[in-house]
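Trainee: I would like to learn how to read charged pairs, nonpolar cores and paired strands. Could we go through them one by one?

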Amino acid sequence: MKKILVLLLIVILPMASIAEPKSKAEDVINLNIRHSINGGEFLPKETLSLSTKKLKNNPSSLLKLIRNSLSNHLHTLPVQIDTTLELSDKFPTISIKTKVDENSNGISDVTMPKYQIANDKILINWKNLSSHLTFTGNFINLKADTSFNGIKITEKDKLLISLDKLDVHSTFDAKFKPIKLSVNLPSFNAQEDKNKLNLQSLMANFDIKKLASGLEIGNLAIQLRHIDFTENDVKTGLKNLRLITDIQEQDNVINFNLKTMVDKVNLPADIATGLEDITQTLDISLANLDTASLLALQNKFHSLQNNPMVMIIMLGELMEVAPKLLAKSPEIQMHQLLLQTSKGKLQGNLTIGLDGKKAKSLAVPVLLNSLYAEATVNISKKLLKQAMINQFQQSPNKTDAKVAAEEQINSYLEKKVLVEVEDNYQLIASFKDGKLIVNEQEMPLPLP
């Protein structure tokens, strides 16, 4: 139960920093906790104090405080514990009812009722939150089903954030790390000045597992019905996004695959003029990533989570393991790119890799010699022309965009960067041993 409380409070307590004024010295969270054992009178109140800075840098510090408070009440089983948590006078009391049987199997039901907080500028309307948790001895099978009925934040009657409902189903390992997470978010809206975000029907599943090597990997599946952004009156968005990742280990290397599909993409008018009904499909993978090197990077990152120099240190760590990564011949492949528009479609595939037998050092000439690539792109003539017209229309130079686009395409055809294949333009390119071949002819490097 101690760990359960920590999980929920880490989610809830940051709300206090939104509504509560800053203290004179530093932000401090005061938590008043009381327990009733087996229906008896509530024991005397305890006040636990923790700085928000410490909580942010080390969430386990909250665990230690609550563990110390509860440890004296969990020795005799079965037991029923009623707990109340008070954050401040402005927040409602959080109630927790816990039952643990003689075999250390337990359930906890947590409720936080609706409330409202206001200051001179911000009004927070918090709807109720409830969570049902189950666990076994030593918390080796902790699961939580949490339902949050929404929140609305306004500033002088102007909507800033609106979330109608959120359901989260979680499974945790013995060390209190989430290993499975399922999220259902029906609606979310946010606004700041002229910038707006509108999200509808998000469902996400995240599954983490530890390989025999010790490397932790996670697979993600997302379905999103609709999202759009408005920034400085420029609107972009998409409908019906599906995203799936698949990470597998084979022969001491990791292979990562990502698939995305979008039924409709809405781009800014200055970019997508004349290109309606845009759909997109992408299948991309990373292959031959050395497992031992990834594990070293992961372990290093975990040890540096609170270090402000984490990015610089990780860059040095990457340089240290780079020779082992290169030795496995890492490769990226775009198996399929399909962009369908009212002016036709773009299709392509791409492979870029490094030959581990040649990549003996990080020197640029050595890496270039070990680099290889292959690409095939087919694009509708109408689509390329419209895309280039849109590009020239954004140019600061006053020119006839249609004429400029036709001249540019003709230049590509003359140089055989593009060739005509029925109603499409095609590019087939390869790079190996320092030579670039485009449509069966060698191109000088660097490109003009």
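Trainee: Is Lys 385 buried, exposed or partly exposed?

Mentor: The terms have cut-offs: buried means under 20% relative accessible area, exposed over 50%, and partly exposed in between, with a 1.4 Å probe and protein chains only. Lys 385 has a relative accessible area of 26%, so this residue is partly exposed. Please keep in mind that this is a predicted model, in which local features need pLDDT of at least 70 and side-chain atom pairs count only at pLDDT 80 or more, whereas totals for chains, interfaces and linings use all residues. Residues are numbered from 1 along each chain as its sequence is written, and side-chain values use heavy atoms, with hydrogens and water left out.

Trainee: With which residue does Lys 385 form a salt bridge?

Mentor: In general, side chains of opposite charge can pair when their charged atoms come close. A salt bridge is counted when a side-chain nitrogen of Lys or Arg is within 4 Å of a carboxyl oxygen of Asp or Glu. Here the partner of Lys 385 is Glu 406, with the closest N and O atoms 3.0 Å apart. Glu 406, at 33%, is partly exposed.

Trainee: How many salt bridges does a search of the whole structure find?

Mentor: The search finds 8. One of them joins Lys 194 to Asp 233, whose closest N and O atoms are 3.9 Å apart. Lys 194 is exposed at 52%, and Asp 233 is exposed at 60%.

Trainee: Which residues touch the most other members of the largest nonpolar core?

Mentor: As a general idea, nonpolar side chains in soluble globular proteins tend to be buried together. A nonpolar core is a set of buried Ala, Val, Leu, Ile, Met, Phe, Trp, Tyr and Cys residues joined through side-chain atoms within 4.5 Å. The largest one has 56 residues, and Met 112, Trp 126, Ile 151 and Leu 384 touch the most other members. Helix α9 (residues 381–393) gives the most to this core, with 5 residues.

Trainee: How many bridges join strand β20 to strand β21?

Mentor: Two strands pair if DSSP finds at least two bridges between them. Strands β20 (residues 344–354) and β21 (residues 371–380) run antiparallel and are joined by 9 bridges, and Gly 353 stands opposite Tyr 372 in β21.

Conventions
Helix = DSSP H or I, 4+ residues; strand = E, 2+ residues; numbered from the N terminus.
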